[in-house]
Amino acid sequence: MKYRVAIVGATGMVGQRFITLLHNHPWFEISALVASGRSAGRTYASAVEGRWKMAAPIPESVRNMIVMDSAQREKVAECADFIFCAVDMPKAEIRAMEEAFARLETPVVSNNSACRGVEDVPMLVPEINGAHTQVIAAQRKRLGTRRGFIACKPNCSIQGYVPALTPLRDFGLSKISVCTYQAVSGAGKTLESWPEMADNVIPFIGGEEQKSEQEPLKIWGSVENGVIVPAQSPIISAQCYRVPVSDGHMAAVSVSFDRKPSIEEIYARWESFEGLAKLGLPSAPKKFLTVFREDNRPQTRLDRDLENGMGISIGRLREDNIFDCKFVSLSHNTLRGAAGGAVLMAELLVHQGYIEKK
C-alpha cells in the first residue's frame, strides 16, 4: 500500500516534474491532480495540451485523470495522505491555502516560498538540516492539528552552493559573495517558448537575491523553544542572472573564513561529506557531492544530471585575491532544486514518522 499523493499545481512545470518523478515511485502514488478552476473538470491531458514541457510523455496512468479544483480543499484532502504544492499565486493566498490543507490534517510538502520564513515551518535540504523537522510539533500546536503540517523546500538558487559550504562551517564562514546563473526552466519556461532569452542574459530575477541571501541562514539555524532561529553569520551578497540554459543553476562563490583552511582541507571536507544514502530513501543520491579537480568542470550540460539530477557538483576551487577562496557549484534546478528535492523531503518525513497514512 503506497502513500496517496495529491499534486496541487499539477499543470505547471514543477507539477509536471512531480508527475514524472512519482510515476512508478516505490513509496508514493498519485491520487489526485489539482489546479485552478480554469483546468478543473478536464482530463489532465486536455488541461496541459500544448503546455507539456517534459521530455518524457505524459504517463498513461494520469492522462485521463480528471483535474480537481484547488478551491475544493475538503474534497482534495479526502483523496490524499499528503500533498505536494507548487502553485503560482500571491504569497498570502498560498499561505492561506497551505495552512487550510494542513488544518484538514493533510501534510503539505511545499515548493512555494510563502511559508519559508515562518519560524515553526522547517525549510529543508534533507542532507543538511533534517533535524529541523522537530519544530513540526510546535507548528501542529499552533495550527491545532494532530497530523497536518507544512514543510518547505528552499529556493532553487541556493541548492548548489549551500551544500558546498556546509561542510566548511566549522572554519567560521564570515563573508560570501555569490553569483548565480539560472536556467530558464526556473521561470517555468523553455528556450523554445522564451525567444527573448536567445543570445541574451537578464540580470534580474524578482525576489531571488533576497532569498539567496536570507534562506541559507535559516537552513544553518538552530531549533530553540519550538522555532528555528536563523544563523547570525555569514554575511551573504548575491547576484542572480537568467541565462539561456534549459536546466541547471550554476553558482560562482567567493568565501572568507574566520580560520582559513587550506585548499586540500576543503577538498577533504567535500569528499568526505555524506548524504542520506544509508537511510534507503528512494530519491537520495548515492553520492551527494561530486568534486571535480579539472579546470573546466562542472559544466551544466555534462553534470546537471549527476545522480539522476539529485547530486551537487563542485569545481574550480582556488585561492582568491579578495576573499580566501572561490569555487563553482552546480545543481539541477527542477530536480534537486524543485520537485526532486520535495520528493526527497517527503521520503525523509515518512522515514521520521511525520507523514502517515490516513
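User: Which parts do the buried residues of helix 9 pack against?
Analyst: In this predicted model, the buried residues of helix 9 pack against helix 6 (126-129), helix 8 (161-165), strand 7 (173-182), strand 9 (227-229) and strand 10 (235-242). The buried residues in question are E208, S212, E215, P216, L217, K218 and I219.

User: And what about the span of helix 9, what should it be?
Analyst: Helix 9 has 12 residues (208-219), and at 1.5 Å a residue these should span 16 Å, which agrees with the 16 Å between its end C-alpha atoms.

User: Switching to rings: how many aromatic pairs are there in the whole structure?
Analyst: A search of the whole structure gives 13 aromatic pairs. One of them joins Y3 and F28, whose ring centres are 6.1 Å apart with the planes at 80°, so the pair is edge-to-face. Because Y3 belongs to strand 1 (residues 3-8) and F28 to strand 2 (residues 28-35), this pair ties together parts that are 25 residues apart in sequence.

User: Are Y3 and F28 buried or exposed?
Analyst: Both Y3 and F28 are buried. F82 and F84 also form an edge-to-face pair, with 5.2 Å from centre to centre and 80° between the planes; F82 is buried at 0% relative accessibility, and F84 is likewise buried at 0%. Y3, F18, W27, F28, F82 and F84 form one aromatic cluster.

User: Which charged end sits over the ring of Y267?
Analyst: That of R293, which lies 3.8 Å from the centre of the Y267 ring. There is also K189, which lies over the face of W194 at 5.5 Å from the ring centre.

User: How many disulfides does the search find?
Analyst: The search of the whole structure finds 0 disulfides. For C79, the closest cysteine sulfur is that of C85, and at 15 Å it is too far for a bond. C152 is in no disulfide either, with the nearest cysteine sulfur, that of C115, 5.3 Å away.

User: And is C152 buried or exposed?
Analyst: C152 counts as buried, at 0% relative accessibility, whereas C79 counts as partly exposed at 23%.

User: On to the backbone: where are the cis peptide bonds you would show me?
Analyst: One joins S233 and P234, with omega about 10°, and P234 lies in the loop between strand 9 and strand 10. Another joins R297 and P298, with omega about 5°, and P298 is placed in the loop between strand 12 (289-291) and helix 11 (300-303).

User: What about phi of E105?
Analyst: Phi of E105 is near 65°, a positive value in a residue other than glycine. E105 lies in the loop between helix 5 (91-103) and strand 5 (108-110) and counts as partly exposed, at 22% relative accessibility. R316, which is not a glycine either, has a positive phi of about 55°; R316 is placed in strand 13 (residues 312-319) and is partly exposed at 37%.

User: Last one, where does S70 lie and what is it in contact with?
Analyst: S70 lies in the loop between strand 3 (68-69) and helix 4 (73-78), and S70 is buried, with a relative accessible area of 14%. Leaving aside neighbours within four places in sequence, S70 is in contact with V8, V34, A35, S36, M97 and F101.

Technical notes: Residues numbered from 1 in each chain as written. Predicted model: local features only at pLDDT ≥ 70, side-chain atom pairs only at ≥ 80, totals over all residues. Heavy atoms only, no water. Helix = DSSP H or I, 4+ residues; strand = E, 2+ residues; numbered from the N terminus. Buried < 20%, exposed > 50% of the residue type's maximum accessible area, 1.4 Å probe, protein only. Contact = heavy atoms within 4.5 Å. Disulfide = S-S within 2.5 Å. Phe/Tyr/Trp six-rings, centres within 6.5 Å; stacked < 30°, edge-to-face > 60°. Lys NZ or Arg CZ within 6 Å of the ring centre and 35° of its normal. Expected span 1.5 Å × (residues − 1).
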